[in-house]
Amino acid sequence: MEDTFKHKGWRMRMCKALREKGITDERVLQAMEAVPRHFFLDAALDAMAYEDRALPILCDQTISQPSTVAMQSQLLNLQPGMKVLEVGTGSGYQTAVLCSMGVKVFTIERQKGLFDKTRKLLDQLHYRANCFLGDGYVGTTGKDYAPFDRIIITCGAPMIPEELMKQLKVGGVMVIPVGEQQQEMLRIEKLGENRGDWKIERFGGCRFVPMLSGKQF
Ligand code: SAH
């Protein structure tokens, strides 16, 4: 794997396009300029790695398109040192962007094939995320990692997962695409410990692979 001047040039152009699309969080832009997205894709897709499109990865899943990664990262409103839970590790690209923004990342993937490959890759590239094989619907239940400052869901959830809202701090934020065939991007702020004590903001239509229950071997 090599990060050449050609790749760096493509990445600069990608970030310029992200700015034009309304991404203003400099930390997000810096991270996306730093993380080599082509490392997270099959070598055959190298030339497409910096186009604004979702691309296939292992296990019939997809890497989110750069503008979606940028939007979700920006909606999280991250500060360095925060504890962030990601559901849907997939290729690890979003995970790497979060790591390079200086937050502590906990990421869950339900497909064993992807989990094994991506954990190894993140490690090789020195992105220090805590990777879990499991069902994101239950978050990190049974372990001592919750509560989180932020939660990001990178698959389409049929509804807001209540267990995950429990694992969010009061004042914390979840960014999640909600819907069956199509989703709407929601930013949910947890206002108090009572169920439904949430402030929900909507950020338009999107399309993700589905959030499914249980592990897949
Ligand atoms: N962030 C990833 C997105 C991958 S696509 C990237 O940038 O590459 C979404 C991923 O969510 C898939 O890998 C899928 O297997 C995973 N997923 C779906 N439902 C899940 C669940 N309940 N728990 C954990 N991962 C899940």
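Let me start with the surroundings of Lys 83 in this predicted model, where, leaving aside residues up to four places away in sequence, Lys 83 touches Lys 104, Phe 106 and the run of Tyr 145, Ala 146, Pro 147, Phe 148, Asp 149 and Arg 150. Lys 83 itself belongs to strand S3, which covers residues 83–87. If you then look across to Leu 164, you will find that it is 81 residues away from Lys 83 in sequence, while the C-alpha atoms of the two are 14 Å apart in space.

Now to the ligand, which has 26 residues around it, and of these the ones that come nearest are Thr 62, Ser 91, Glu 109, Gly 136 and Leu 212. With Glu 109, an N or O atom of the side chain is 2.6 Å from an oxygen atom of the ligand. Arg 110 takes part through its backbone, with an N or O atom there lying 3.4 Å from a ligand nitrogen, and Thr 154 places a polar side-chain atom 3.2 Å from a nitrogen atom of the ligand.

Finally, please turn to two helices, H1, residues 5–20, and H2, residues 26–34, which pack with their axes 9 Å apart and at an angle of about 155°. Because of that angle, H1 is roughly antiparallel to H2, and H1 passes H2 in a right-handed crossing. On the H1 side the contact is made by Arg 11, Met 12, Met 14, Cys 15, Leu 18 and Arg 19, and on the H2 side by Glu 26, Leu 29, Met 32, Glu 33 and Ala 34.

Conventions:
Residues are numbered from 1 along each chain as its sequence is written. This is a predicted model: local features need pLDDT of at least 70, side-chain atom pairs count only at pLDDT 80 or more; totals for chains, interfaces and linings use all residues. Side-chain values use heavy atoms; hydrogens and water are left out. Axes are lines fitted to C-alpha atoms, for helices over the stretch in contact, and angles run from 0 to 180 degrees between N-to-C directions. Helices (H or I, at least four residues) and strands (E, at least two) are DSSP runs, numbered from the N terminus. Angles under 35 degrees count as roughly parallel, over 145 as roughly antiparallel, 65 to 115 as roughly perpendicular and the rest as oblique. A crossing is left-handed if the near helix is turned anticlockwise from the far one by less than a right angle, and right-handed if clockwise. Contact means heavy atoms within 4.5 Å. A residue is near a molecule or strand if one of its heavy atoms lies within 4 Å of it. A polar contact is a pair of N or O atoms within 3.5 Å; within protein, one must be able to donate a hydrogen and the other to accept it, and residues adjacent in sequence count only if both atoms are side-chain atoms.
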